[in-house]
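Please consider the following notes alongside the sequence and the structure. They are arranged as separate points for a reader new to the subject.

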Amino acid sequence: MSLESITENVDEAVSGFFEPIATWLGEIVFYAVPVGGTDLPLIVAWLVVAGLVFTCWFGFVQVRKFRLAIDVVRGKYDDKDSAGEVNHFQALTAAVSGTVGLGNIAGVAVAVSIGGAGATFWMILCGLLGMATKFVEVTLGVKYREVHADGTVSGGPMHYLPKGLAERFGKNGKSFGKVLAVLASIMILFFGLFGGNLFQVNQSYAQLVSVTGGEDGAMGSSAGALFFGILVAALVGIVLLGGIRSIASVTSRLIPAMAGIYIAACLVVILVNVTAVPAAIGTIIEGAFNPEGVAGGVLGALIIGFKRAAFSNEAGLGSAPIAHSAVKTKHPASEGLVALLEPFIDTVVICTMTALTIVIANPASWSEARTDESIGGVTITSDAFETVLPWFPYVLTVAVLLFAISTVLTWGYYGLKAWTYLFGRSRTSEIVYKSLYTLFAVSGSLLTLQTLIDLADAVLFSLAVINIIGLYLLAPVVKRELNTFLEYVRTRKAGGTDGDDGGKDEEPAKATV
């Protein structure tokens, strides 16, 4: 029996078993209601409303404290003797690597095809709102993280939900929080294996095959697929062995490099068509409020834009706090401010650059995609770049590979923290997980398992429901932490002592948010 037939049989068997489960959970999690002629997934509304609430609650912190966030990333307020494993910049790049991926390239193209150019405007707005949500969840992640005896750190919703709820609501809060923590760990682990690992390897392999001659090319055979899977698994396994420090060391170089390559390519297309930029911006703004050919009109464009942004930056899902919790700091809100830059980079910058490039280049495939849903998002984006850079498909392949590997690395770490929360931090436990994760990377180039990937998406977004409930309940804690850090910053600027409050939550008398 050939390798192809074996993988096909596995795909069919897995799909047959899990398809009813995936369909059932997907219908619940992504349940949509008709609004103005189009469908609004309630989970998207849940995420967007959270961003709006936290934006107002913290007085537009993503705008007022944006410059301070940049200063923190630059190391201006570093605490050299603080517990933690990585600096602010490394924590940011590790978390960004988990969100920046194929969705920024293909997903945006699909969004502007379905929702028109105007979807870009609403995508940017949703990204800006998501910055506030990310600030809240990451502040809590650092506040309630667990620093182990060996200096390593564990954080995320599985830690701040039980600890934070116990602190605020006593015994009942603790019991409720523990239940939520177990559910959160299961959801993160499941998505990590299938969405953050297998799917990324599968899509990057597909792009590699497309530029090397297709199924008849050098990488189109089952042997090529197996070789690619083993190579990615080996790279991931080696980096995972080093923990978050190793991952952060790689991503702190990989993320700026891959983002730089991609943005530079976007700028080339934009500069070559610089005279079309004003018209393109006008098309985006007009399409946001007066879209043509979009189901649901303005609401349709808004929903598509919000959906793309919410699915891209993961604000409110509880995943990013796991990476950010490893930061070296005594002030949780300092990393919360750093984290609000994440949706800005992912959605406001990279997603917008993709959308603007497509609108300006206006490739034929973009118009065709409005009536032919079989045209993939990667094809549209690639065609947009190819109008100026004929060799761009090869650059795009490199970008996709870099995006995929960085995502696999970060989700490997997220999954590890979920695994050890469920099964303990023993050396044996960690080895079992890392072996399992690398095997999934190998299978990613061989198996499609679309049903399990769909199920993983539903599982991850169901985490947003319980996570955001926790964020609402713990928002007062975040406000105190922000006030404490702002007082520390004011003290530093005044030339006084470092203002360290020893980690207490008491709000300084003169501090205001």
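Predicted model: local features only at pLDDT ≥ 70, side-chain atom pairs only at ≥ 80, totals over all residues.

1. Leaving aside residues up to four places away in sequence, Val73 touches His88, Phe89, Leu92, Val338 and Leu341.

2. Val73 belongs to helix α4, which covers residues 66-73. Its relative accessible area is 17%; because buried means under 20%, Val73 counts as buried.

3. A second pair deserves attention here. Val73 and Phe60 are 13 residues apart along the chain, and their C-alpha atoms are separated by 19 Å.

4. Leu341, one of the residues that Val73 touches, brings the reader to helix α15, made up of residues 341-361. This helix has 21 residues and reaches 28 Å from its first C-alpha to its last, which is close to the 30 Å expected at 1.5 Å a residue.

5. Where is the kink in α15 centred? The kink is centred on Thr352 and amounts to about 30°.

6. Helix α15 is mostly covered, with 18 of its 21 residues buried. Asn362 follows α15 and has a positive phi, near 50°.

7. The last point concerns Glu481, which is found in helix α20, residues 450-493. Is Glu481 buried or exposed? With a relative accessible area of 5%, Glu481 is buried, because the cut-off for that term is under 20%. The side chain of Glu481 is joined to that of Lys143 by a polar contact of 3.1 Å.

Methods: Residues numbered from 1 in each chain as written. Heavy atoms only, no water. Helix = DSSP H or I, 4+ residues; strand = E, 2+ residues; numbered from the N terminus. Expected span 1.5 Å × (residues − 1). Bend = angle between axes of the 7 residues up to and from the residue. Buried < 20%, exposed > 50% of the residue type's maximum accessible area, 1.4 Å probe, protein only. Polar contact = N/O pair within 3.5 Å; in protein donor to acceptor, adjacent residues only side chain to side chain. Contact = heavy atoms within 4.5 Å.
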